[in-house]
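Subject: Structure handover

Hello,

Here is the structure I promised. Please open it first, then read the notes below.

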Amino acid sequence: MKNKILHIILIMTVLMGLYPHGVARASDYHFNKGYPSNLEKLIATDAQGRSRGKQKIKVLVTGEKDPNPKVIWTQGDGEIWSATGELPSSRVTTTTHWNQGGTRGYPVSERFIDKIDATVYAPDSLEDINGNAFDRRFMDDLGVKDINYLDGPAYEPGNEKPRFTQGDKFIEINVFTGYPKPFSEEKEYGTRPDDKKNGK
């Protein structure tokens, strides 16, 4: 079987529902919808309890977004595929499933576990309990409140939901991707000019 491809990248998109929360610097905003009841006052006071300078408050804000981190499979000259993530232990390999004509190979489904920074996928705007909007760029702290897998054709969850600690920014995904699941994107590069057969 001819195989001119030196490297193939298959991208499987993992769909998740992300519910981040964070702390906003209230001085950067106007509370058009009123001050939220759960704000925290941070006021420097003297011995008599009098404040000096500007009043400072913390506002708890939340938001929702459906992020799509990806599992990327790559293949070299042989029939072994590999996927590598952020964790040193997240590199996995799998074999090739050839199509009926033997002209196209895909990675066989394999479990992939990785740790990702959920703040990369946070929404651009978050809101307090009154609905006042806050720009993500001005968040002093941002962490995960909750996260769930969503139904998607390119993967199968390996556990009930991603692992995380509430308030932390990192989550652990545990999914199966590869044949017979479809891939989201395919790229080829580094083809051989001599059209040599790759051991077939």
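Strands here are DSSP runs of at least two residues, numbered from the N terminus. The model is predicted.

First, confidence. The mean pLDDT of the protein chain is 76. Of its residues, 70% reach 70 or more. Strand S7 (residues 92–94) has the highest confidence, at 94. Strand S1 (residues 7–13) has the lowest, at a mean of 43. Residues 1–14 have pLDDT below 50, yet this stretch has 84 contacts in the model beyond near neighbours in sequence. Residues 195–200 also stay under 50. There the model has 13 contacts beyond four places in sequence. Where pLDDT is low, predicted coordinates should not be read in detail.

Next, one residue. Asn174 sits in strand S16, which covers residues 170–177. Is Asn174 buried or exposed? Its relative accessible area is 8%, and buried means under 20%, so Asn174 is buried. Its side chain makes a polar contact with the side chain of Arg111, at 2.8 Å. Leaving out residues up to four places away in sequence, Asn174 touches Arg111, Phe112, Ile113, Tyr149, Pro157, Gly158 and Asn159.

Last, the second largest pocket. It holds about 180 Å³ of space. Strand S5 (70–75) and strand S10 (110–117) are the elements that each give two or more residues to its lining. S10 gives the most, with 4 residues. The lining has 13 residues in total. Nearest the pocket's centre lie Pro69, Lys70, Glu86, Asp114 and Ile116. By type, the lining divides into 7 nonpolar, 2 polar and 4 charged residues.

Best wishes

Definitions and conventions. Residues are numbered from 1 along each chain as its sequence is written. This is a predicted model: local features need pLDDT of at least 70, side-chain atom pairs count only at pLDDT 80 or more; totals for chains, interfaces and linings use all residues. Side-chain values use heavy atoms; hydrogens and water are left out. Buried means under 20% relative accessible area, exposed over 50%, partly exposed in between (1.4 Å probe, protein chains only). A polar contact is a pair of N or O atoms within 3.5 Å; within protein, one must be able to donate a hydrogen and the other to accept it, and residues adjacent in sequence count only if both atoms are side-chain atoms. Contact means heavy atoms within 4.5 Å. On a 1 Å grid over the protein atoms alone, a cavity is a set of points where a 1.4 Å probe fits but cannot get out, and a pocket is an open set with protein on both sides within 12 Å along at least five of seven lines; lining residues have an atom within 4 Å of a point. Grid points are joined across faces, edges and corners, and a volume is the space filled by probe spheres set on the points. Ala, Val, Leu, Ile, Met, Phe, Trp, Tyr, Cys and Pro count as nonpolar, Asp, Glu, Lys and Arg as charged, and the others, Gly among them, as polar. pLDDT is the predictor's confidence in each residue, from 0 to 100.
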